[in-house]
Amino acid sequence: MENISLKEYINKIPKAELHLHIEGTFEPELMFKIAQRNGIKIDFDSVEELRAAYDFNNLQEFLDIYYAGAKVLITEQDFYDLTWAYLERANADNVIHTEIMFDPQTHTERGISFDTAINGISSALKDAEKKFGITSKLIMSFLRHLPQDDAFETYENFYNHKDKIALIGLDSSEVGNPPAKFAEVYNRAFNDGLNLTAHAGEEGPPEYVWEALDILKVNRIDHGNRSLEDAKLTQRIIDEQIALTVCPLSNLKLKVVDDLKNHPLKIMLDKGIKATVNSDDPAYFGGYINENFIQTANALKLSKDDIYTLVKNSFEASFADAERKAEMIKQLDEFEN
Ligand code: ADE
Ligand code: ZN
């Protein structure tokens, strides 16, 4: 693949996405369509007006709009349509494996059942495997601004949907809601054999990353940017090859970085950290996974070798079974040669 441009290389290379909130893929056009069919009024008069509101100074300003948007999702078909729209975009970006988060509490709090949400999402995932060959894992994420008791209540649903849920995640407002708040529910999930991840070090301090590793026993860290402020933590992440699911355009939009040129992704790679590139909430942050790669590659002058490493990391850090992992890495090597 020597003779194609970096942009074409990024577009074509098979890749995995490991940090994606399905509610964050809700494009305004689809939001208006679903709102209309459910007879729900959106606070904005047009798609353009809604999009213009996507101007955030921090994580909380984004979360307020993101939770408001999710309120129009009512039926299983709504969750199916939301997920399917993402999967079509992912397929266009040559994503061959995706691990997506959903926030059950965002829906159960509004009286929408857990089953409605998970069944709609899962049937789209199944159809995407049939139609596009995209494999997937579903991550049940707890909202960390709510009490651990709420997370426990949500967790009970796992026992009826064991076939659909592969991982537990932790998201929402980070500062003031440290990982240790969820120690017991993570311990339950660990004992049930689930894989674990948690957002840490996005806005929160390195101590939150330590807690996610030592108390929650997570297998990988979502974001993890602020780990670099702590040399001992950085060394541990390198030594144990703990994957970070990094989201450059999200970091830019939420002012975790002031400019993509100052994004720590290249530093992470040069240190030997197992970093991956992901889109987080692409409908809100201005780009799906390929756009994240392209803009970051331009800003940080990444090489094709850097892109290859990031993509290989995404396959290695995925929770696909061993056979699928080997198959994806083979597909990557065939692409290279
Ligand atoms: N929920 C959706 N996107 C998130 C993010 N980037 N951080 C924390 N919670 C989120
Ligand atoms: Zn996220």
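The following conversation concerns a predicted model and the ligand it contains.

Visitor: What kind of model is this, predicted or otherwise?
Guide: The model is predicted.

Visitor: Let us start with the ligand. Which residues are around ligand 1?
Guide: The residues around ligand 1 are H21, L59, F62, L63, Y66, D171, S172, H199, E202, H223, D280 and D281.

Visitor: How do the residues of that shell divide into nonpolar, polar and charged?
Guide: Four residues of the shell around ligand 1 are nonpolar, four are polar and four are charged.

Visitor: And which helix gives the most to the shell?
Guide: That is helix α4, which spans residues 59–70 and gives four residues to the shell around ligand 1.

Visitor: Which polar side-chain atoms lie 2.7 Å from a nitrogen atom of ligand 1?
Guide: A polar side-chain atom of D280 lies at 2.7 Å from a ligand nitrogen, and a polar side-chain atom of D281 lies 2.7 Å from a nitrogen atom of ligand 1 as well.

Visitor: How much of the accessible area of ligand 1 does the protein cover?
Guide: Ligand 1 has 260 Å² of accessible area on its own, and the protein covers 100% of it.

Visitor: What can be said of the space taken by ligand 1?
Guide: The space that ligand 1 takes is the largest cavity.

Visitor: How far is the side chain of H223 from the ligand?
Guide: An N or O atom in the side chain of H223 is 3.5 Å from a nitrogen atom of ligand 1.

Visitor: Staying with H223, where does that residue lie?
Guide: H223 belongs to strand β6, which covers residues 220–223.

Visitor: Is H223 buried or exposed?
Guide: H223 is buried, because its relative accessible area is 0% and the cut-off for buried is under 20%.

Visitor: What is the phi of H223?
Guide: Phi of H223 is positive, at about 75°, although H223 is not a glycine.

Visitor: Where is K301 placed?
Guide: K301 is in the loop between α15 (289–300) and α16 (304–316).

Visitor: Why does K301 count as exposed?
Guide: K301 counts as exposed because its relative accessibility is 69%, and exposed means over 50%.

Visitor: A change of topic: which side chain makes a polar contact with the side chain of R220?
Guide: The side chain of E99 makes that polar contact with the side chain of R220, at 2.8 Å.

Visitor: Where is E99, and is the residue buried or exposed?
Guide: E99 sits in strand β2, residues 95–102. With a relative accessible area of 0%, E99 is buried.

Visitor: What does the side chain of S122 reach?
Guide: The side chain of S122 reaches the backbone oxygen of I118, at 2.8 Å. S122 lies in helix α7, residues 114–132, and is buried at 11% relative accessible area.

Visitor: What separates the C-alpha atoms of D115 and N160?
Guide: These two residues are 45 residues apart along the chain, and their C-alpha atoms are separated by 9.1 Å.

Visitor: How many residues apart along the chain are S250 and L59?
Guide: S250 and L59 are 191 residues apart along the chain, while their C-alpha atoms are separated by 9.4 Å. S250 is in helix α12, residues 248–253, and counts as buried at 0% relative accessibility. L59 is one of the residues around ligand 1.

Visitor: Finally, where is F190, and what separates its C-alpha atom from that of F315?
Guide: F190 is in helix α9, residues 183–191, and is partly exposed at 43% relative accessible area. The C-alpha atoms of F190 and F315 are separated by 22 Å, and the residues are 125 apart along the chain.

How values were computed. Residues numbered from 1 in each chain as written. Chains lettered and ligands numbered in written order. Predicted model: local features only at pLDDT ≥ 70, side-chain atom pairs only at ≥ 80, totals over all residues. Heavy atoms only, no water. Near = heavy atom within 4 Å. Polar contact = N/O pair within 3.5 Å; in protein donor to acceptor, adjacent residues only side chain to side chain. Areas by Shrake-Rupley, 256 points an atom, 1.4 Å probe, with all protein chains shown as cover. 1 Å grid on protein atoms, 1.4 Å probe; cavity = no way out; pocket = protein on both sides within 12 Å on 5 of 7 lines; lining within 4 Å. Sits in = over half its atoms within 2 Å of the grid points. Helix = DSSP H or I, 4+ residues; strand = E, 2+ residues; numbered from the N terminus. Nonpolar A, V, L, I, M, F, W, Y, C, P; charged D, E, K, R; others polar. Buried < 20%, exposed > 50% of the residue type's maximum accessible area, 1.4 Å probe, protein only.
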